[in-house]
Amino acid sequence: MSADNSEHAPPGVDTSTPHSARIYDWWLGGKDNFAVDRAVGQAFLNTIPTIRSMAKANRDFIHRVVEFLVRDQGVTQFLDVGTGIPTSPNLHEVAQAIDPRCRVVYVDNDPIVLVHARALLVSSPEGATEYIHADMRDAAGLLGDPALTRTLDLTKPVALTLIAVLMLIADADDPGRAVRELMDALPAGSYVVITHPAYDFDPPAIEKLVAITEGQMTFVPRWRGDVEAYFAVPGWEMVEPGLVPVLAWHPPVEPEDPTAAYYWAGVARKN
């Protein structure tokens, strides 16, 4: 896709402003992006040349944590908020490869993700997948959506995954409130998984990224303490090793530099 051929853009897709999902898609070698996305993506690359490998590290973390939750913790239900453009293997593919009964609800509010919803909906016969076009800032509306309630049993453990999505919510919109509302709705034995880009790793470089996106899109990196606060909900306990750089969360091989990808990552369980 290209901004020069905007008539080919799906309905509702604004090709004049960048979007994080499409920038991420470009970094990972996808084709669902436009000139404005590639321009911002390239500006990010010029500032942090290793940003593509950071995006991949974030993606690899999803695979590791899903394997941990399904294989080791017996989780079979997932609520993936901020799905983004599909990149195989998707969450349900990883989960259902271990337990075909897994049920996954994907949530996003980007029209271009809606276009790809059918690709997300190819479930194993034993399990189920669903896609909901919604905004996590309306947690009550999301939790009450019939597509969610018919796919997931909210009386049984659910893994809520918030992968690099809270950076897209401005402080004024109180992302912490939305996170708490979603976590409060889940029963004991549930998990929450969060990754978030942060200033801590290289404050000057991250400041430059914020300047690049100013006036074009919402991009809110935060500090470690801010990310830690999302998990600080009564009744929830961090899973070892706690809140760590994304490369350091149960890596298959010890990374040479655990801080080489600028995301904090953590998992917590509801007691």
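Reader: Which residues have the most contacts inside the largest nonpolar core?

Author: This is a predicted model, in which local features need pLDDT of at least 70 and side-chain atom pairs count only at pLDDT 80 or more, while totals for chains, interfaces and linings use all residues. Residues are numbered from 1 along each chain as its sequence is written, and side-chain values use heavy atoms, with hydrogens and water left out. A nonpolar core is a set of buried Ala, Val, Leu, Ile, Met, Phe, Trp, Tyr and Cys residues joined through side-chain atoms within 4.5 Å, where buried means under 20% relative accessible area, exposed over 50% and partly exposed in between, with a 1.4 Å probe and protein chains only. The largest such core has 94 residues, and those with the most contacts inside it are Phe78 and Met136.

Reader: Which helix gives the largest share of this core?

Author: Helices are DSSP runs of H or I with at least four residues, strands are runs of E with at least two, and both are numbered from the N terminus. In soluble globular proteins, nonpolar side chains tend to be buried together. Here the largest share of the core, eleven residues, comes from α3.

Reader: How do α1 and α3 lie relative to each other, roughly parallel or roughly perpendicular?

Author: Helix α1 (residues 20-27) and helix α3 (residues 51-72) pack with their axes 9 Å apart and at an angle of about 105°, the axes being lines fitted to C-alpha atoms over the stretch in contact and the angles running from 0 to 180 degrees between N-to-C directions. Angles under 35 degrees count as roughly parallel, over 145 as roughly antiparallel, 65 to 115 as roughly perpendicular and the rest as oblique. The two helices, α1 and α3, are therefore roughly perpendicular to each other.

Reader: Which residues of α3 make the contact with α1?

Author: Contact means heavy atoms within 4.5 Å. On the side of α1 the contact is made by Tyr24, Trp26 and Trp27. From α3 come Ile51, Arg52, Ala55, Asn58 and Arg59.

Reader: Where do the buried residues of α10 fall, seen down its axis?

Author: In helix α10 (residues 203-213), the buried residues are Ala205, Ile206, Leu209 and Thr213, and what covers them includes α2 (35-47) and α3. The face turned away from the buried side carries the exposed residues Pro204 and Lys208. Taking the arc as that of the directions from the helix axis to the C-beta atoms, the buried residues of α10 line one face of the helix, because they fall within an arc of 95°.

Reader: What does Gly84 touch, not counting residues up to four places away in sequence?

Author: Gly84 has its place in the loop between β1 (77-81) and α4 (91-98). With a relative accessible area of 11%, Gly84 is buried. Beyond those sequence neighbours, Gly84 touches Ala21, Asp108 and Val113.

Reader: Which residue does a cis peptide bond join to Ser88?

Author: Most residues other than glycine have a negative phi, and most peptide bonds are trans. A cis peptide bond joins Glu240 and Pro241, with omega about 10°, in a place where Pro241 belongs to the loop between β6 (236-238) and β7 (244-245). In the loop between β1 and α4, a cis bond with omega about 0° joins Ser88 to Pro89.

Reader: What is the relative accessibility of His250?

Author: His250 is found in the loop between β7 and β8 (263-270), and its phi is near 40°, a positive value in a residue other than glycine. His250 counts as partly exposed, its relative accessibility being 41%.
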